[in-house]
Amino acid sequence: MTRYLFTPGPVPLDGRVSSVMAEPVAGHRSREFAVLLLRVQNRLRDLLRSAEPVPLIPGSGTGAMEALAVNFTGPGSKVISVSCGVFGERFREIARRCGAEVAPFDIEPGRPCLPEDVLEACRIHPDADVLLLTHNETSTGVCNPLEEICRALPKERPLILVDAVSSLGVVPLYPEKWGVDALASCSQKGLMAPPGLGICWLSPRAREVLSKGREAPTVFFDLKAFLSGLEREEPSVPYTPPVTVIRALDAALDGILQEGSRKRFTARRRFARSLAAGMESMGLKLFVEQKEHRSPGVTAVEIPENRAEDVRKALSDIGLETAGGQGKLKGRIFRVGHFTREDWPEICLILGSLWAACREAGISLREPDLKNIREVYEREDVPCGKSL
Ligand SMILES: *Cc1c(COP(=O)(O)O)cnc(C)c1O
């Protein structure tokens with residue numbers, strides 16, 4: 001039986017991405033690797049529309065978050081942590097363990113973090129030097145309006161560090177234009193590459209803070225070491241990188257840029273909105289009520305009577321892997337990841353399977369209203385994003 005991976009990372013790989021991983025492993029001090037590294041840098045810069053360096057940190061998204069936290073926070077720094085879910089809490093916990101004084105600002109799960117929330121948090125803590133934000137909160141399926149948040153903040157503001165682990169490659173993300181200071185992301189979600197790499201991006205302001213700051217209490221995550229390697233004419237990395245994953249990331253980025261990132265962002269949002277319309281037509285409730293803040297990459301849906309795990313198991317029995325609710329949300333919701341190239345056939349597959357899985361679990365739903373869903377799908381084929 002075919003198994004379908006609808007988890008919010010890792011994601012199924014395109015054939016070309018898998019096949020480049022069969023190529024011989026290049027030594028990381030070779031000219032061949034320097035050429036590969038430069039090409040990946042340029043492709044990531046294209047996607048982010050910024051010429052700033054993009055350090056690749058072996059590990060995962062959490063590793064990239066830790067790299068930011070350990071380099072920019074620590075004993076003596078005050079950090080505002082705005083959180084609307086599990087991953088916001090993780091960023092906070094990392095900063096706490098780095099020794100920073102953390103000022104929490106919590107938003108109820110399912111709701112977005114809005115400009116007024118962040119302004120309020122900054123007003124309460126005018127002495128903070130760092131602000132932690134989550135772009136796309138994967139645990140609840142909310143995508144926060146990062147551009148508007150940054151625009152609303154005054155010029156005198158803390159250094160803005162953003163968890164972009166599940167937004168890069170899925171939604172427009174232009175940190176330089178928006179005024180973000182640093183990003184943490186990964187290879188295995190919106191970029192459609194295998195797991196193994198954390199990805200950072202740093203603004204000129206962030207690099208200045210680094211160069212004036214203390215020595216980082218880490219060797220492996222020392223961003224200065226990664227940056228100085230990238231500044232060379234033949235770029236290099238400080239420690240042995242996952243060469244094969246970098247090769248795969250290169251192929252995946254090539255695919256994204258060939259398709260056109262704007263087209264891709266439109267397709268992801270269109271998929272999410274069609275899927276949401278389908279679930280609602282069956283009588284289910286989406287966890288994020290405000291439509292415009294629903295994530296184009298992951299959809300969280302509530303299942304009546306806390307039966308989400310039963311439904312998820314029934315889905316798994318017919319070959320669809322999805323993700324459960326995390327923490328307090330376990331049982332109440334489950335999540336469908338759609339970071340890759342899911343399209344109309346997958347909408348039918350997911351909705352039909354969900355209908356059957358719910359029936360299996362003893363929950364009766366209306367049949368999905370395909371005519372209406374198709375209308376949403378046709379209507380949503382319009383370029384997205386104000387900043388495109
Ligand atoms: C997946 C995810 C993480 C953690 O990434 P790992 O690669 O599993 O370490 C952090 N933040 C967000 C928003 C995520 O979706």
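How many nonpolar, polar and charged residues does the lining of the second largest pocket have? By class, this lining has six nonpolar, eight polar and nine charged residues; Ala, Val, Leu, Ile, Met, Phe, Trp, Tyr, Cys and Pro count as nonpolar, Asp, Glu, Lys and Arg as charged, and the others, Gly among them, as polar.

This is a predicted model, in which local features need pLDDT of at least 70 and side-chain atom pairs count only at pLDDT 80 or more, while totals for chains, interfaces and linings use all residues. Residues are numbered from 1 along each chain as its sequence is written, and side-chain values use heavy atoms, with hydrogens and water left out.

**The pocket**

A pocket is an open set of points on a 1 Å grid over the protein atoms alone, where a 1.4 Å probe fits and protein lies on both sides within 12 Å along at least five of seven lines; lining residues have an atom within 4 Å of a point. The second largest pocket has a volume of about 470 Å³, the space filled by probe spheres set on the points. Its lining comprises 23 residues, of which Glu108, Pro109, Gly110, Phe287 and Leu329 lie nearest its centre. Because domain 1 (15-257) and domain 2 (260-378) both give residues to the lining, the pocket lies between them; the domain bounds come from an automatic or database domain assignment.

**The ligand**

There are 13 residues around the ligand, and Ser60, Thr62, Thr138, Asp163 and Lys189 come nearest; a residue is near if one of its heavy atoms lies within 4 Å. By class, this shell has three nonpolar, seven polar and three charged residues. Helix H3 (61-72) gives the most to the shell, with three residues; helices are DSSP runs of H or I with at least four residues, and strands are runs of E with at least two, numbered from the N terminus.

The table gives polar contacts, pairs of N or O atoms within 3.5 Å.

| Protein atom | Distance to a ligand oxygen atom |
|---|---|
| Gly61, backbone N or O | 2.8 Å |
| Thr138, polar side-chain atom | 2.4 Å |
| Lys189, side-chain N or O | 2.6 Å |

The protein covers 88% of the 380 Å² of accessible area that the ligand has on its own, by the Shrake-Rupley method with a 1.4 Å probe.

**Backbone features**

Gly9 and Pro10 are joined by a cis peptide bond with omega about -5 degrees. Pro10 belongs to the loop between strand S1 (4-5) and helix H1 (15-20).

Notes: A polar contact is a pair of N or O atoms within 3.5 Å; within protein, one must be able to donate a hydrogen and the other to accept it, and residues adjacent in sequence count only if both atoms are side-chain atoms.
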